[in-house]
Amino acid sequence: MNNSKKMALIASVCSVAMAACGTDAETSTATDSAAGKSDTTAGDAAVQDAAAGNGLPAPYNVIYNVESAVIEGDQVVVRTKDLPDHKSPFYGKTHALYEAYNGTNPNFSTAIQLPNGTSDPILAAQNVTFRFPKNPKEATTKTATSLGPIGMAINGIILFNQYNGAKALLDSLEINNLDQYNGHPTPSPSLQYHYHTEPLYLTKTKGEGALIGFLLDGFPLYGPVEGGKRLKSADLDKYHGHTGVTAEYPGGTYHYHVTDDAPWINGDGFFGTPGTVTK
Ligand SMILES: [Zn+2]
Ligand SMILES: [Zn+2]
């Protein structure tokens, strides 16, 4: 077991043992930083056994910058290193993808003040495995999202919900820490790069109405524009989506949209039954 896996295991234990042990630790303690994800028994061996995949549902073909994407039974299994394919000030200064902040927020800082001190993280490679239901369905009983990964953007980057480590809506503390592409890492030791809001690199390169990710329940996430209109949260249901035809789902599907206004990606939880994520 390498160190990062050991750390993940410790973090998993932490997440099971302490309900308050969040992943997005911007306003919580340093020990909070790695977990907060659904724990499952899906082991690395099973993932490594997965053959080079085929038969992926067609919309999943837009996924790139991941280690693998395969079908296992009734699940789409995606492994990712969670390393952004775009530049970021959160890459170390000697990294080829390092770029100083050049966004529009005059209050941006890579450093963030935590209760136990200042965090100024450099993002790090992860080993994350997402298991999405291949045939998503509306859940009879809806479940809330957890802190930690709630889905994955099409470039293999983790999506987080609208809350910080204290389970409060992100405030200026976190917003001022989002880089020019709206991502940032969790504090040490996990250093897990993630988006809470519009993944600007994807909506810029793929289009503002493009398919940009999948939440853990297998339902797709789209950019903010649809039918020429820039949607607001008020245009969507309480889970932050609606049902309709999209380019990738000509027969119609439930889907989420990211919006400029909170809660950005997801509202009151998953519309469908979520799969799992392990690290
Ligand atoms: Zn965050
Ligand atoms: Zn829509």
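**Note on the predicted model**

1. **Overall make-up.** The protein has four helices and 18 strands. The model is a predicted one. Of the 279 residues in the protein, 46% are buried. Take the contacts between residues at least 6 apart in sequence: 67% of them join residues at least 24 apart.

2. **Strands 12 and 16.** Strand 12 (220–222) pairs with strand 16 (residues 253–257) in the parallel sense. Two bridges link strand 12 and strand 16. Look at Tyr222: its bridge partner in strand 16 is His257.

3. **The nonpolar core.** The largest nonpolar core has 44 residues. Val78, Met152, Ala153, Leu159, Ile212, Leu215 and Leu221 have the most contacts inside it. Strand 11 gives the most to this core, with four residues. As background, nonpolar side chains in soluble globular proteins tend to be buried together.

4. **Leu215 up close.** Strand 11 spans 211–215. Leu215 touches Ile150, Gly151, Leu221, Tyr256, Asn266 and Phe270, leaving aside residues up to four places away in sequence. Among these, Leu221 is also listed with the most contacts inside the largest nonpolar core.

5. **Asp217, a loop residue.** Asp217 is in the loop between strand 11 and strand 12. Is Asp217 buried or exposed? Asp217 counts as buried because it has 27 C-beta neighbours inside 10 Å, and the cut-off for buried is 20 or more. Leaving aside residues up to four places away in sequence, Asp217 touches Pro133, Pro136, Phe270, Phe271, Gly272, Thr273 and Pro274. Asp217 and Ile150 are 67 residues apart in sequence, yet their C-alpha atoms are 8.8 Å apart in space.

6. **Strand 5 and its partners.** Strand 5 (residues 128–133) has five of its six residues buried, so it is largely enclosed by the rest of the structure. Strand 2 (residues 75–80) pairs with strand 5 in the antiparallel sense, over six bridges. Arg79 has Thr129 of strand 5 as its bridge partner. Strand 18 (residues 276–278) also pairs with strand 5 in the antiparallel sense, over three bridges. Here Arg131 has Thr276 of strand 18 as its bridge partner.

Note on methods
Residues numbered from 1 in each chain as written. Chains lettered and ligands numbered in written order. Predicted model: local features only at pLDDT ≥ 70, side-chain atom pairs only at ≥ 80, totals over all residues. Buried ≥ 20, exposed ≤ 12 C-beta atoms within 10 Å, placed from the backbone. Contact = placed C-beta atoms within 7 Å. Pairing = 2+ DSSP bridges. Core = buried A, V, L, I, M, F, W, Y, C linked by C-beta atoms within 7 Å.
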